[in-house]
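Please open the structure in your viewer and keep the sequence beside it. The stops below say what to select next and what is there.

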Amino acid sequence: MITSQAIEKRISVRNFLKKELDQETKADLKLFLKTIQQGPLGSSLRLELLESDILKDNGLKKLGTYGTITGTRDFLAGAVKQSQFDLEDFGYAMEKAILYATTLDLGTCWIGANFNKTQFTQALVLKDNEIIPAITPIGLPAVRKNWFDLLVHISAKSRNRKEMKELFFDTTFEKELILPKNDPGYHGLNMVRLAPSAVNLQPWRIIWNKQAKIFHLFLERKKGYKKTIEMMGKVDLQRIDMGIAMAHLEVGLNEKGVTGKWKKVESPVEKISEEREYIISYFI
Ligand SMILES: Cc1cc2nc3c(=O)[nH]c(=O)nc-3n(C[C@H](O)[C@H](O)[C@H](O)COP(=O)(O)O)c2cc1C
């Protein structure tokens, strides 16, 4: 089972041991991947462990990440059928797989930009209406960090996270959310706070409506980001971030015995500023 322990333990690993995963670990992971065939918002998807040895035997080239990842042999990658919530669903499902891998003591690192799409398209045998939004190397973490790891940790202050009060609000965006630490909602939201996000931008903003028992999830856009990705035809990594946040909220709440359903509503709050985009709500 995936618990908050995995969330607290996971960090981005960019330097791996050049050692093959043992058969038992691989089998365990593959079994878990098979159970994920759909995201919580309905998109069909598949996740696969891509092993460099098997790919080589099939005449495919070594999978590449342009030097940002060192030492790894294997990757976790997936494809999602294009649909309204494809990127959120992919983020959710892949993060669940990443957290599961963390419980097996494996290292991972979300890679949304620097990977060779052509190679992964071949390795996954991509179908017409499928996309590969992101991938992750997977393997045994090396003790020493590589140059890119150090760079990211210095520039993005990687483990730094915003404070709860910057991210989460009470009923409206105008009111600070104050919850006791033993409240399941506090725990769930704190798990969101620890989530990985592209360039560590932490774009998730959540309103907790206690009366209605709903968490409303919003995406606070990096200025100019949406225009840039539309112009360049790139994957919207911030929507993947939102899917990751959904997974973390669920893990945190579920382990405190709180379950719910994901649904989009007409008007989650009266006023939404322009840079905030409403994504989805969790009804408990
Ligand atoms: C959708 C997404 C895409 C990412 N893309 C990259 C990437 O291309 N290269 C990279 O080195 N890290 C990438 N990251 C990792 C983030 O930089 C990292 O999660 C963030 O700095 C927080 O650090 P932590 O994962 O160690 O907690 C990505 C993360 C997410 C969620």
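Which residue just after H5 takes a positive phi? Select Val125, where the phi is about 50°. This is a predicted model, in which local features need pLDDT of at least 70 and side-chain atom pairs count only at pLDDT 80 or more, while totals for chains, interfaces and linings use all residues. Residues are numbered from 1 along each chain as its sequence is written, and side-chain values use heavy atoms, with hydrogens and water left out.

Next, select helix H5, residues 117–124 (helices are DSSP runs of H or I with at least four residues, strands are runs of E with at least two, and both are numbered from the N terminus). Its buried residues (under 20% relative accessible area, with a 1.4 Å probe and protein chains only) are Gln119, Phe120, Ala123 and Leu124. Seen down the axis of H5, these buried residues fall within an arc of 120° (taken from the directions from the helix axis to the C-beta atoms), so they line one face of the helix. At the N-terminal end of H5, select Asn116, which caps the helix with a side-chain oxygen 3.1 Å from the backbone nitrogen of Thr118 (a polar contact pairs N or O atoms within 3.5 Å).

Finally, move to Leu21, in the loop between helix H1 (4–9) and helix H2 (23–34). Leu21 is buried, with a relative accessible area of 4%, and, not counting residues up to four places away in sequence, touches Lys26, Asp74, Leu106, Gly139 and Leu140.

Conventions:
Buried means under 20% relative accessible area, exposed over 50%, partly exposed in between (1.4 Å probe, protein chains only). A polar contact is a pair of N or O atoms within 3.5 Å; within protein, one must be able to donate a hydrogen and the other to accept it, and residues adjacent in sequence count only if both atoms are side-chain atoms. Contact means heavy atoms within 4.5 Å.
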